[in-house]
Amino acid sequence: MNILITGANGYLGQGIVKELLDHGVSVTATDIRSDHIDSRAKVITCDLFSVENPYIFFDKPEIILHLAWRDGFKHDSLNHINDLSKHFAFLKKLSESGIRKICALGSMHEVGFYEGSIDEHTPTNPQSLYGISKNALRQMMEVETRRNNNFFQWIRGFYIVGNTEHGCSIFSKITQAVKEGKKEFPFTSGQNQFDFIDYNDFCKQITAVVMQEEVLGIINCCSGHPLKLSERVEQFIVDMNYPIKLAYGAFPDRPYDSKAIWGNDAKIRMIMNKGKDD
C-alpha cells in the first residue's frame with residue numbers, strides 16, 4: 001500500500017504519518033515545509049498547486065490522504081474560498097489519472113448550526129467560509145470520483161485534543177500561553193457541547209479508515225458523545241498540571257456554533273472493530 005499524504009508537516013499530518021508508518025504502510029509525505037515529518041517517510045517538499053501531473057510526480061500512489069488546508073482555525077479567512085478551486089484541480093488530476101482511492105479531511109463545520117448527533121445523512125448548511133469551502137470540495141469530489149470510479153472517503157474531523165504548542169486549537173493556545181508564563185486564559189462561557197477526541201485516538205482512527213475500503217463515503221472520526229467545552233478544557237488543564245485559569249466570558253460565544261453537536265460513531269466503530277478482528 002503506497003499512500004500519498006498532503007499537509008504532512010501540519011499538526012494532524014505529523015501524527016497520522018507516524019501512525020501509518022508504524023503499521024508498515026509506505027508513505028510519501030508532502031508539504032510546503034518538511035521539518036516535522038517522520039524521517040521514515042519519503043518526503044517531498046513542494047507547493048502542491050504548482051505540480052502539473054501529481055500522479056506521475058508523486059510516483060503513482062495508490063491512495064491519497066488530502067490533509068493540506070490553510071487557515072483551518074481562521075474560519076472567515078478568504079484563503080478558504082481562494083484555494084477551493086486549487087484543491088479541486090489538484091484532486092481532479094489524481095482522480096482522472098486512475099488513482100484507486102481518494103481520502104480527504106473534512107470538518108463538522110460543514111454541517112453548520114445543528115443540534116444533536118450528525119451522520120452522513122445530516123443536511124449541511126455551513127455558516128463560515130471554512131465550512132462552506134470544505135462542504136463544496138466534498139460535493140465536487142463526490143461527483144468527480146463517481147465519474148472516474150475511484151473509491152472515496154470523506155473523513156469528518158471533530159474537536160481534537162492535544163498538548164502540542166504547534167497548532168491553533170484552543171488546547172494548543174493554552175499550551176502556548178503556559179509556556180509564555182501567563183496565569184489566565186481568555187475564554188467563552190464554555191457551555192457549548194462538542195465531540196472531543198484525543199489526538200492519538202484521532203490518528204489511529206484516520207489510519208484505520210484509509211487502510212480499508214469496505215466502509216466508504218462520509219465517515220466521522222469522533223468519540224460519539226458530547227461534552228461541555230468548559231469541562232473538557234478544565235480537565236485538560238488538570239491532566240497537564242498547567243498553572244493557568246480560564247477567564248470565563250472574556251470572549252462571546254460564536255453565533256454559528258451549535259449548543260450541542262456530536263458525531264454518530266457507527267461507521268468508525270465498525271472500522272475499528274474490524275481492525276481488531278483482523
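Student: In what sense do E4 and E5 pair, parallel or antiparallel?

Tutor: They pair in the parallel sense, over 4 bridges. Keep in mind that this is a predicted model.

Student: Which residue of E5 stands opposite Leu65?

Tutor: That's Cys103.

Student: And what's the strand order in the open sheet of 7 strands?

Tutor: The order reads E3-E2-E1-E4-E5-E7-E12, with parallel pairing. At the edges sit strand E3 (42-45) and E12, each of which pairs on one side only. On average, neighbouring strands are turned by 20° against each other, direction ignored.

Student: What does H4 lie across?

Tutor: H4 lies across E5, strand E7 (151-157) and E12. Relative to E7, the helix runs at about 165°.

Student: OK, the core next. How many residues does the largest nonpolar core have?

Tutor: 33 residues, and those with the most contacts inside it are Ile5, Ile16, Val17, Val27, Leu65, Ile155 and Phe202. Several elements give two or more residues to this core, among them strand E1 (2-6), helix H1 (11-22), strand E2 (26-31) and strand E4 (63-66). Helix H6 (199-210) and helix H8 (266-277) are also on that list. There's a second, separate core of 25 residues as well, which includes Trp69, Ile102, Tyr130 and Leu137.

Student: Switching to charges. How many salt bridges does the structure hold?

Tutor: It holds 20 salt bridges. One of them joins the side chains of Lys204 and Glu19, at 3.7 Å from N to O. That pair links distant parts of the chain, with Lys204 in helix H6 and Glu19 in helix H1, 185 residues apart.

Student: Are those two buried or exposed?

Tutor: Lys204 counts as partly exposed because its relative accessibility is 39%. Glu19 is buried, with a relative accessible area of 14%.

Student: What about Arg138, which residue does it form a salt bridge with?

Tutor: With Glu110, the closest N and O atoms being 3.3 Å apart. Arg138 is in helix H4 and Glu110 is in the loop between E5 and strand E6 (116-118), 28 residues apart. Arg138 is buried, at 7% relative accessible area, and Glu110 is buried at 0%.

Student: And Arg156, what's its link to Glu110?

Tutor: Arg156 forms a salt bridge with Glu110 too, and there the closest N and O atoms are 3.0 Å apart. Arg156 lies in strand E7 and Glu110 in that loop between E5 and E6, so the pair ties together parts that are 46 residues apart in sequence. Both Arg156 and Glu110 are buried.

Student: Which residues are linked in a network of salt bridges?

Tutor: Lys18, Asp22, Asp38 and Arg40.

Student: New topic, Ser133. Where is it?

Tutor: In helix H4 (residues 129-148). Ser133 counts as buried because its relative accessibility is 0%. A polar atom of its side chain lies 2.8 Å from the backbone oxygen of Leu129. Leaving aside neighbours within four places in sequence, Ser133 is in contact with Trp69, His80, Ile81 and Leu84.

Student: How far apart are His80 and Ser133?

Tutor: C-alpha to C-alpha they're 5.9 Å apart in space, and 53 residues apart in sequence. His80 lies in helix H3 (residues 79-97) and is buried, with a relative accessible area of 0%.

Student: Which backbone oxygen lies 2.8 Å from a polar atom of the His80 side chain?

Tutor: The one of Lys74. Lys74 is also among the residues in contact with His80, leaving aside neighbours within four places in sequence, and others include Trp69, Asp71, Leu129 and Tyr130.

Student: Last one, helix H5. What are its buried residues, and what do they pack against?

Tutor: The buried residues of H5 (residues 170-179) are Phe171, Ser172, Ile174, Thr175, Ala177 and Val178. They pack against strand E8 (159-161), strand E9 (184-186), strand E11 (196-198), helix H7 (229-240) and strand E14 (245-247). Just after H5, Gly181 takes a positive phi of about 85°.

Conventions: Residues numbered from 1 in each chain as written. Predicted model: local features only at pLDDT ≥ 70, side-chain atom pairs only at ≥ 80, totals over all residues. Heavy atoms only, no water. Core = buried A, V, L, I, M, F, W, Y, C linked by side-chain atoms within 4.5 Å. Buried < 20%, exposed > 50% of the residue type's maximum accessible area, 1.4 Å probe, protein only. Contact = heavy atoms within 4.5 Å. Polar contact = N/O pair within 3.5 Å; in protein donor to acceptor, adjacent residues only side chain to side chain. Pairing = 2+ DSSP bridges. Axes fitted to C-alpha atoms, helices over the stretch in contact; angles between N-to-C directions. Salt bridge = Lys/Arg side-chain N within 4 Å of Asp/Glu carboxyl O.
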